[in-house]
Every structure is written in structure tokens, then in C-alpha cells.
Amino acid sequence: MFWFDKHNPDVEFCDIRVMDKTEYYPGRYIEINPDTVCDFTELPFDDNSFHLVVFDPPHLEYAGDTSIMALKYGNLRGNWRSMLSSGFDECMRVLKPNGVLIFKWSEIQFPLSEILPLFSQKPLFGNRCRKRGNKTHWLCFMKDEV
Ligand SMILES: C[S@@+](CC[C@H](N)C(=O)[O-])C[C@H]1O[C@@H](n2cnc3c(N)ncnc32)[C@H](O)[C@@H]1O
């Protein structure tokens with residue numbers, strides 16, 4: 001949804017779901033058509049492959065399975081804290097040294113302060129402004145040189 005060019009040939013789009021184009025609200029559509037269907041806790045890519053990774057996991061635990069929110073963003077289920085932790089480590093594994101990881105999180109149900117301790121690294125910077133009800137945060141991490 002957030003990509004300006006949804007068919008950018010330089011981007012490898014990944015998701016665990018595939019969904020045909022669906023009208024979730026009159027005149028509004030969603031389609032999930034990843035280049036690679038995979039689990040972000042077990043990415044099918046070699047170590048040190050990408051310059052940039054965007055990690056945009058589901059952020060909602062309390063959303064009905066058939067709700068519009070779950071349709072659009074997916075759900076957090078089971079031991080999701082450990083899943084986010086493994087997902088972060090996988091993103092770091094496939095990044096090249098000095099590669100950049102962008103993490104997106106919406107604080108609709110869980111504040112960043114509960115999520116960041118799940119990660120093996122601290123962010124370098126990001127938008128933390130909550131003015132005007134902003135709940136979506138973009139944070140930047142960098143993989144170490146080694
Ligand atoms: C917030 S949405 C991402 C939206 C996407 N960034 C975009 O711009 O369209 C979160 C997505 O993570 C997917 N997801 C959930 N668990 C996953 C997993 N273990 N591995 C890969 N994708 C997963 C969901 O299917 C959902 O589509």
C-alpha cells in the first residue's frame with residue numbers, strides 16, 4: 001500500500017498472504033500479490049543480500065479475522081512478540097553490512113516502548129511525534145560493518 005511504484009523492478013515484495021483484488025469498501029480495493037510468498041521469520045534469501053529492507057509487520061492483535069483492518073494489515077497471533085523479534089533478526093541477516101532497515105509501526109494497540117525492546121538493536125532515529133493523533137512511526141536501523 002505505501003509503495004509509490006507497486007511494480008518497482010528493484011523491489012522484492014514479500015508477504016505470507018496472497019489475496020486477489022478485493023473491494024473492502026465501496027470503491028476501495030486491496031490486492032496482495034507479493035513477488036515472493038514467504039515468512040519473514042525465515043526469509044528465502046542469502047545473508048548480506050540487500051542494501052535496504054523495510055519491515056512492516058502487522059500491528060493489530062485485537063481485530064476480527066474478517067475485519068477490514070485485518071484484511072488490510074493482517075493480525076498478530078500466537079507468540080507474536082517472539083515472531084517480531086525473529087523477523088527483525090532475519091531482516092538484519094539479509095541486509096548487507098551497513099545496510100539500512102526501516103521499521104514501520106502503528107501504535108494503535110501497542111506503543112513502540114513495548115516493541116523496541118524485542119529487537120536486538122536500537123534505532124538510530126525515527127519520527128516520534130505524536131501530535132495531531134499521529135500513531136504511525138518510521139524508524140531507521142543500520143547493520144553493523146562486520
Ligand atoms: C502492515 S501490512 C504490510 C503492508 C505493506 N507494507 C504494503 O505497503 O502494502 C503487514 C503484512 O504482513 C503480513 N505478514 C504477517 N505475518 C507475516 C509473516 N510471518 N511473514 C511475512 N508476512 C507476514 C500480512 O499478511 C500483512 O499483509
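This is a predicted model: local features need pLDDT of at least 70, side-chain atom pairs count only at pLDDT 80 or more; totals for chains, interfaces and linings use all residues.
Two strands count as paired here if DSSP finds at least two bridges between them.

Stepping back, the two strands belong to an open sheet of 4 strands, ordered 5-6-8-7, with mixed pairing. Strand 5 (50-55) and strand 7 (125-126) sit at the edges with a single partner strand each, so one side of each has no neighbour in the sheet.

Helix 2 (residues 80-94) lies across strand 5 and strand 6, at about 165 degrees to strand 5. What does the largest nonpolar core look like? It has 14 residues, and those touching the most other members are Val53, Phe88, Cys91, Met92, Leu95, Leu101 and Phe103. Helix 2, strand 6 and strand 8 (136-142) are the elements that give it two or more residues, and helix 2 gives the most, with 5 residues. Take Cys91: leaving out neighbours within four places in sequence, Cys91 is in contact with Val53, Phe55 and Leu101.

Helix 2 is also where Gly87 is found. Is Gly87 buried or exposed? A residue is called buried if 20 or more other C-beta atoms lie within 10 Å of its own; Gly87 has 21 of them, so it is buried. Not counting residues up to four places away in sequence, Gly87 touches Phe40, Thr41, Phe55 and Pro57. Glu42 is 45 residues from Gly87 along the chain, yet their C-alpha atoms are separated by 7.7 Å.

Strand 2 and strand 3 tell another story. Strand 2 (residues 19-25) pairs with strand 3 in the antiparallel sense over 4 bridges, and Met19 stands opposite Ile32 in strand 3. The two strands make a hairpin with 2 residues between them, and Gly27 in the turn has a positive phi of about 85 degrees. Strand 3 (residues 28-32) is hardly covered, since the number of buried residues among its 5 residues is 0.

Technical notes. Residues are numbered from 1 along each chain as its sequence is written. Two residues are in contact if their C-beta atoms, placed from the backbone, lie within 7 Å. Axes are lines fitted to C-alpha atoms, for helices over the stretch in contact, and angles run from 0 to 180 degrees between N-to-C directions. A nonpolar core is a set of buried Ala, Val, Leu, Ile, Met, Phe, Trp, Tyr and Cys residues joined through C-beta atoms within 7 Å. A residue is buried if 20 or more other C-beta atoms lie within 10 Å of its own, exposed if 12 or fewer, and partly exposed in between; C-beta atoms are placed from the backbone.
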